[in-house]
Amino acid sequence: MKYTAPLAHMRYLLNDVFEAGKHWAEMPAFAAIDSNTVDAILEEGAKLCSEVIAPLNRSGDEEGAQIHNGIVTTPKGFPDAYRKIAEGGWVGLAGDPAYGGQGLPKMLTVLFEEMLYSANNSFTLYVALTSGAALAIHAHASDELKQTYLPNMYSGKWAGAMCMTEPHAGSDLGIMKTKAEPQADDSYRITGTKIFITGGDHDLTENIVHLVLARLPDAPAGPKGISLFLVPKILVNTDGSLGARNAVTASALEHKMGIKGSSTCVMNFDGAVGYMVGKPHQGLAAMFTMMNYERLSIGIQGIGCGEMSYQNAVRYAKDRLQGRAAHGAANPQGVADPIIHHADIRRLLLTQRAWNEASRAFAVYVGLQLDLANYHPDHDTTVKAAQRVALLTPVAKAFFTDKGFDACVLGQQVLGGHGYIRDNGQEQLVRDARIAQIYEGTNGIQAQDLLKRKVLANGGRWMRDFILEMEQDTLLASPVFASEEDAVLKACSTLRELTLWLVKQDKRDADLCSSAACDYLHIVGHTIYAWLWLKMIATNPADTDRHVLGRFYFGRLLPQIHALDAAVRSGPDLVMDLPVDKF
Ligand SMILES: Cc1cc2nc3c(=O)[nH]c(=O)nc-3n(C[C@H](O)[C@H](O)[C@H](O)COP(=O)(O)OP(=O)(O)OC[C@H]3O[C@@H](n4cnc5c(N)ncnc54)[C@H](O)[C@@H]3O)c2cc1C
């Protein structure tokens, strides 16, 4: 499948809609970034993704990651491509320059990440896990661990992996069993089995740095008894050179529906040497630094899949001749008209485009909040931005991936039977996109995180503040867009009233939160997309094509919030009344 990065839209979001330069000027870490640097990064990134990484997507799916005699290999071409992106400094794009990272803003790097995922989901996961592990090490590890590991991870010499899930412990990590025994030299011996570990072993890098959740002997039961350990595949000598093999092995690869080029490993830790990251029993909180990074990243996987689906489907729809257009022949010399002239096909294409562009805008917005939270000199600004990130990360993860998967299925529909067979690449996209709704915390768990911890836990205050920001911003739009403005304000008030209703009902029924969370998250997602569509069209009123796309969003997609609102308000009884033995 051919991939062309949507550079014009990416530049429009950065430079015009979110005025990146204005924000960067306020943050000393980014003050030196100019538009030439940004352009070069986007252009070079686009080239790398379409010329080097996308061509490995199909062959990577067909060959898959493999294990023979305990040695894991990635598909042909992956090691060379990984070397190229490592040499180009792409792995450490957002990393701390003090350890060899490029120190670029997240609102820019999210766009490169989207390109990577569009080009090749499986390949990108190795990069994403490395960046996320490096972020957690940077935030919580000792200086010594940082000095030893970060430069090698940012340079792409060593990769990272996240080891949490166990056979009996997935969403509920509080019941995990892997053990950590303290040693006289301050290291630990880690023993246990982790499953489903992305990039747990592979041949892309000379070392792999596992971040592993485990329990100390005196650990209290539950999530407050989990600590975090850095466990290298190959031990590192005091002079930084590689030493003996650590007792960490991949015993099997999972056979799975998609992302076949990504090695999903069963990992055995047999008294492996590890080093504590952060404080005893506070490992889950430290691991959340990595998890939150991966949640946004996996959300971006959804955007990448949606964009690739759209590009594939548009190409096909302009080429495939079937039937005559209802409004008169568009191709009178031919046997039939290209299917793009049928209104139903246009509905399928426009729905994908409307999701993709709003998702991209939302990713840039969340990237901006991350930059403000981490780098802005004003304390109040960082506190507010950090709250925004906490509130919006589960929305980004779940809404991007739900809409990304929907886009892939809609794209498949455009291709008809040719979307179901292998040749056109569309069925791989559907298979690859599906996992993003499941891993990194299922979308059901994301929705509960949003409603329970980020909304109800503070009486809805964070959400109310965010709604107010969207309303105030909306009121700045030109009167030319009065009907769209009205639609955004109505969506905001639907969301505000529903939030208030949920806060009031919360204590009355234990099942309310779980029954309402997914639909609530989708209402939040829709409201944000309406706000961002207005922002996108109002930033450049002369762009009448984008206005057409925005009108499609407001007219055809936003009204879904009314059905979702009614579903939430119908209460939990409708899903809880049927006794378990009647299922
Ligand atoms: C290809 C792949 C790659 C992965 N990569 C990694 C990795 O690199 N590292 C890692 O540690 N893990 C990884 N995972 C594991 C992944 O994160 C888990 O599969 C996921 O978090 C869900 O856990 P589970 O599969 O045990 O499902 P379960 O936790 O058993 O959940 C089953 C269902 O019950 C729902 N559910 C569970 N609890 C609740 C609740 N309290 N309320 C309402 N609903 C609930 C869930 O939403 C889900 O629908 C990977 C998984 C796959 C398939």
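How many residues surround the ligand, and which are the closest?

Author: This is a predicted model, and the values below are computed from it. The ligand is surrounded by 19 residues. The closest are Thr-165, Ser-171, Phe-196, Thr-198 and Thr-442.

The side chain of Ser-171 places an N or O atom 2.5 Å from an oxygen atom of the ligand. The side chain of Thr-198 does likewise for a nitrogen atom of the ligand, with an N or O atom at 2.7 Å. Glu-440 takes part through its backbone: an N or O atom there lies 3.4 Å from a ligand oxygen atom. How much of the ligand surface does the protein bury? Alone, the ligand exposes 970 Å², and the protein buries 63% of this area.

Next, the elements around the ligand. Two of them give two or more residues to the shell: strand 5 (188-198) and helix 13 (443-455). Strand 5 supplies the largest share, with three residues. By class, the shell holds nine nonpolar, eight polar and two charged residues.

Phe-196 is among the residues closest to the ligand, and Phe-196 sits in strand 5. Its backbone is worth checking: phi of Phe-196 is positive, about 65°, although the residue is not a glycine. His-281 also has a positive phi, near 65°, and is likewise a residue other than glycine. His-281 is placed in a loop, between strand 11 (264-277) and helix 9 (283-319).

Now the domains. The chain is divided into domain 1 (7-64 + 74-140 + 147-153), domain 2 (158-281) and domain 3 (443-575). Taken over C-alpha atoms, the centres of domain 2 and domain 3 are 39 Å apart.

The lining of the second largest pocket divides into seven nonpolar, three polar and eight charged residues.

Rolling a probe the size of a water molecule over the atoms shows where empty space is left. Across the whole structure, the search finds one cavity of 30 Å³ or more. The largest cavity contains about 50 Å³ of space. Its lining includes Met-1, Asn-57, Met-308 and Gly-425. Also in the lining are Tyr-117, Ser-118, Ala-119, Asn-120 and Asn-121, together with Gln-428, Leu-429 and Asp-432. Helix 6 (106-119) and helix 12 (426-434) each provide at least two residues of this lining. By class, the lining of the largest cavity has five nonpolar residues, six polar and one charged.

Key: Residues numbered from 1 in each chain as written. Predicted model: local features only at pLDDT ≥ 70, side-chain atom pairs only at ≥ 80, totals over all residues. Heavy atoms only, no water. Near = heavy atom within 4 Å. Polar contact = N/O pair within 3.5 Å; in protein donor to acceptor, adjacent residues only side chain to side chain. Areas by Shrake-Rupley, 256 points an atom, 1.4 Å probe, with all protein chains shown as cover. Helix = DSSP H or I, 4+ residues; strand = E, 2+ residues; numbered from the N terminus. Nonpolar A, V, L, I, M, F, W, Y, C, P; charged D, E, K, R; others polar. Domains from an automatic or database assignment. 1 Å grid on protein atoms, 1.4 Å probe; cavity = no way out; pocket = protein on both sides within 12 Å on 5 of 7 lines; lining within 4 Å. Points joined across faces, edges and corners; volume = space filled by probe spheres on them.
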